[in-house]
Amino acid sequence: MNTKDLAYFDRLIKLKNFSQVALEFGVTQPTITTAIKRLETEFGSKLVLRDRVHNTLTVTASGQQLAIHAAAILERLTLAHHEISNLTQQRTVLGLPPIIENHYFPRVAAHLQELGMLENIETLEGGSVWLRNALRDGQVDLALLGSTSPLAYETLVAEEFDRKPFNIFVSRNHPLTSRKRIYFSELRREKFVLFNSSFIHNTAFNQLARRNHFRPDVVYRARDTHIIMNLVAENVGVTYLTALVDQHRDDVVRLELLDDEQPAFISSIVYRSSHVLTPAQKQVLAVLRGTLEEKL
């Protein structure tokens, strides 16, 4: 079977137009038609029905079934191309959420620099949820990810190295600054400034909100810790962040939560179970393990 036929079929299912698929791939329309006929012969079933009078295309049940498998096959082929291409390179793409990057990566970077490896590291920043998908797609080789429970995926290997609680942060001028510890339920009338949905913080925050039976008033979402802290300092709202946040400012106050069975911010080294690490990537992984196992 020609995998190019599957690529043509995959796009045809999405675009429902032979001419558009041919234009996208830079081939003639008969090339697409012939590819679809080859697939129909291969599987012994009609995959699409063309109505030339009304210029419509209908995907049969067999076509819908093949579409699911074609998409999975093409995704794995793309990942294979990416991984094999990288096997000859010294480069390692390391995924880092901003808080984990600020807290852990400086020590890792120092060790990498001592070994002359830092210049071959390319970092990709984003929330843990987004980076987890980037890791699966092959955009990232290794990642330090946050989660609220131990990561357990068939396609990923996760090595936990730390756990920290979540805290509430309020403006120095907020009435709650007189308190050292509070219950989450006491925040039901507060306005919140939070990370966007690509960050694992939202999972933990939503767990507490549901447990305390109230819908929080979220006035702003961001992807940068400094922006969130600046908004909190201006009393735009309060925020919910992991205790990993390095708070070196006197206009924001940290409050501990008293709730039982709170979510924890779990930090893990993560990589694909199918990925054959290059010698350089194995060295980076060894540095990550050695550095992050130290007392931080």
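What you're looking at is a predicted model, so local features need pLDDT of at least 70 and side-chain atom pairs count only at pLDDT 80 or more, while totals for chains, interfaces and linings use all residues. Residues are numbered from 1 along each chain as its sequence is written, and side-chain values use heavy atoms, with hydrogens and water left out.

Begin at the N-terminal end, with two helices. Helices (H or I, at least four residues) and strands (E, at least two) are DSSP runs, numbered from the N terminus. Helix H1 covers residues 3–15 and helix H3 covers residues 29–43; the two pack at an angle of about 105°, with axes 9 Å apart. That puts H1 roughly perpendicular to H3. For the geometry, axes are lines fitted to C-alpha atoms, for helices over the stretch in contact, and angles run from 0 to 180 degrees between N-to-C directions. Angles under 35 degrees count as roughly parallel, over 145 as roughly antiparallel, 65 to 115 as roughly perpendicular and the rest as oblique.

Which residues of H1 and H3 meet? From H1 come Asp5, Leu6, Tyr8, Phe9 and Leu12, and from H3 come Thr31, Ile32, Ala35, Ile36, Arg38 and Leu39. Contact here means heavy atoms within 4.5 Å. Sorted by type, the residues of this H1 and H3 contact are 8 nonpolar, 1 polar and 2 charged. In that sorting, Ala, Val, Leu, Ile, Met, Phe, Trp, Tyr, Cys and Pro are nonpolar, Asp, Glu, Lys and Arg are charged, and the others, Gly among them, are polar.

Now look at Phe18, which sits in helix H2. Phe18 counts as buried because its relative accessibility is 6%. Setting aside neighbours within four places in sequence, Phe18 is in contact with Leu12, Gln29, Ile32, Thr33, Ile36, Val48, Arg50 and Leu57. Among those partners, Leu12 belongs to H1 and Ile32 and Ile36 belong to H3. Phe18 and Ile32 are 14 residues apart in sequence, with their C-alpha atoms 6.7 Å apart in space.

On to the charged pairs. Side chains of opposite charge can pair when their charged atoms come close. A salt bridge is a side-chain nitrogen of Lys or Arg within 4 Å of a carboxyl oxygen of Asp or Glu, and a search of the whole structure turns up 12 of them. One of these joins Arg11 and Glu24, whose closest N and O atoms are 2.7 Å apart. Arg11 lies in helix H1 and Glu24 in helix H2 (residues 18–25), so this pair ties together parts that are 13 residues apart in sequence. Both ends are partly exposed: Arg11 at 23% relative accessibility, and Glu24 at 45%.

Another salt bridge brings the side chains of Glu122 and Arg91 together at 3.0 Å, N to O. Glu122 is in strand E4 (residues 121–125) and Arg91 is in the loop between helix H4 (61–86) and strand E3 (92–96), so the parts tied together are 31 residues apart in sequence. Glu122 is partly exposed at 37%, and Arg91 is partly exposed at 28%.

Is Asp162 buried or exposed? With 15% relative accessibility, Asp162 counts as buried, whereas Lys164 is partly exposed at 26%. Asp162 lies in strand E6 (residues 156–171). Beyond its neighbours within four places in sequence, Asp162 is in contact with Tyr104, Leu244, Phe265, Ile266 and Ser267.

Finally, some loops. Most residues other than glycine have a negative phi. His213 has a positive phi, near 60°, and lies in the loop between helix H7 (201–211) and strand E9 (217–222). At 69% relative accessibility, His213 counts as exposed. Asn235 also has a positive phi, about 65°; its place is the loop between helix H8 (225–233) and strand E10 (239–242), and it is partly exposed at 39%.

Pro216 lies in the loop between H7 and E9, and counts as buried at 19% relative accessibility. Not counting residues up to four places away in sequence, Pro216 touches Phe192, Phe205 and Ala209.

Key
Buried means under 20% relative accessible area, exposed over 50%, partly exposed in between (1.4 Å probe, protein chains only).
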